[in-house]
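I am opening a notebook on a structure that is new to me. I will write down what I looked up, step by step.

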Amino acid sequence: MAALGWLLPRRRSATARSVLAGEAAAEAARKTSREVDELAPGRAGKPAEPEFPVRGDVRAAAFFDLDNTIMQGAALFHFGRGLYKRKFFDTRELLRFAWQQTWFRLAGSENADHMQDARDSALSIVKGHRVSELMEIGEEIYDEYMADRIWPGTRALAQAHLDAGQKVWLVTAAPVETATIIARRLGLTGALGTVAESVDGVYTGRLVGEPLHGPAKAEAVRALAAAEDLDLSRCAAYSDSANDIPMLSLVGHPYAINPDSRLRAHARERGWRLRDYRTGRKAAKVGIPAAAGVGAVAGGAAAAVALQRRRR
């Protein structure tokens, strides 16, 4: 479980691997969007701002980050809890992951060797398992840990785009399979996520490119926009993290949702719209990013310790 830290933020410019990760995510998203649309549940809600999005503008779309933007906490942590429950790994690995999450969030930096080790360990968890098996488990985990953690305010923003006849995509560093399940459950168009390599439906333990994070997200959105004939100047993007500034900067309508301090400052400087759906207490945390919700930072460590105590 330590391993799940492989998707933690890294600050750098787009590389060839970022482009590859983005293009792979865009291709995977387009393949799954048709199924998502066919299985989408009934939709309800009203646009929060009548003047935007523009109804009937089919060359516009919306791109939503997942963790702490649409859902409280980290999807990967919740997914990991579900895998732990199903004995994919032991308590020691769970506690190690919780510590890594806490250290990174508080320190705001990472060690290259540490990150490589975490990523390799995470991939080893699913190596040899069938994609269909993880998808089936993912459906159960969504009901167990994620369904009650959706931010109603952000969900309403996504619904406004859907009601206007526009496509809405999740864009996340979480595995594309997990992201696709969440998108379908929320009635969204589809998802761009990190693509793990599989052969004959079995995970190889390698990634296609790199985690869909930072610059790679922007590359994924750019690739999808080209394939879908979208005009990015008419599109919207939503995120809580300064790591997603590359993606937010691509579109004509960027939104900072539950923003961390760096994104809040950047958004104010650029005149971007802000929305904060956290309680005042949670939003006012000092020295800890806004991501410190359920399933992250101290909450993640506390949950891990509680799980260990229950097993004892």
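**Entry 1: helix α5**

I note before anything else that this is a predicted model. I started with helix α5 and looked up which of its residues are covered: Val 131, Leu 134, Ile 137, Gly 138, Ile 141, Tyr 142, Tyr 145 and Met 146 are buried. The helix spans residues 131-146, and I found that it bends by about 25° at Glu 140.

**Entry 2: α5 and its partner α2**

I then turned to helix α2, which covers residues 75-85, and found that its axis and that of α5 come within 9 Å and cross at roughly 110°.

Which residues of α2 meet α5? On the α2 side I listed Ala 75, His 78, Phe 79, Arg 81, Gly 82, Leu 83 and Lys 85, and on the α5 side Leu 134, Ile 137, Gly 138, Ile 141, Glu 144, Tyr 145 and Met 146. Sorted by kind, the residues of this contact divide into 8 nonpolar, 3 polar and 3 charged.

**Entry 3: the chain overall**

I stepped back to the whole protein chain, whose secondary structure comes to 12 helices and 8 strands. Of its 312 residues, 55% count as buried, and its accessible surface comes to about 13,700 Å², with 51% of that belonging to carbon and sulfur atoms. Among contacts in the chain with a separation of 6 or more, I noted that 72% are accounted for by residues 24 or more positions apart.

**Entry 4: helix α7**

Is helix α7 mostly covered or mostly uncovered? It is mostly covered, as 9 of the 10 residues in the stretch 176-185 are buried. I wrote them down as Val 176, Glu 177, Thr 178, Ala 179, Thr 180, Ile 181, Ile 182, Ala 183 and Arg 184. Just after this helix, Gly 187 takes a positive phi of about 75°.

Asp 200, which is not a glycine, has a positive phi of about 55°, and I located Asp 200 in the loop between β4 (196-199) and β5 (202-207). Asp 200 counts as exposed, because its relative accessibility is 69%.

Asn 258 is another entry here, with a positive phi near 45° in a residue other than glycine. I placed Asn 258 in the loop between β7 (253-257) and α10 (261-270). Is Asn 258 buried or exposed? Its relative accessibility is 1%, so Asn 258 counts as buried.

Pro 259 is found in the loop between β7 and α10, and I noted that Pro 259 counts as buried because its relative accessibility is 4%. Its C-alpha atom is separated by 7.7 Å from that of Leu 274, which is 15 residues apart from Pro 259 along the chain.

**Entry 5: Arg 55**

With a relative accessibility of 60%, Arg 55 counts as exposed. Which residues is Arg 55 in contact with, leaving aside its neighbours within four places in sequence? I found Asp 163 and Ala 164. Arg 55 and Ala 164 are 109 residues apart in sequence, yet 4.1 Å apart in space, C-alpha to C-alpha.

Technical notes. Residues are numbered from 1 along each chain as its sequence is written. This is a predicted model: local features need pLDDT of at least 70, side-chain atom pairs count only at pLDDT 80 or more; totals for chains, interfaces and linings use all residues. Side-chain values use heavy atoms; hydrogens and water are left out. Buried means under 20% relative accessible area, exposed over 50%, partly exposed in between (1.4 Å probe, protein chains only). Helices (H or I, at least four residues) and strands (E, at least two) are DSSP runs, numbered from the N terminus. The bend at a residue is the angle between axes fitted to the seven residues ending there and the seven starting there. Axes are lines fitted to C-alpha atoms, for helices over the stretch in contact, and angles run from 0 to 180 degrees between N-to-C directions. Contact means heavy atoms within 4.5 Å. Ala, Val, Leu, Ile, Met, Phe, Trp, Tyr, Cys and Pro count as nonpolar, Asp, Glu, Lys and Arg as charged, and the others, Gly among them, as polar. Accessible areas come from the Shrake-Rupley method with a 1.4 Å probe; for residues, only the protein chains shown count as cover.
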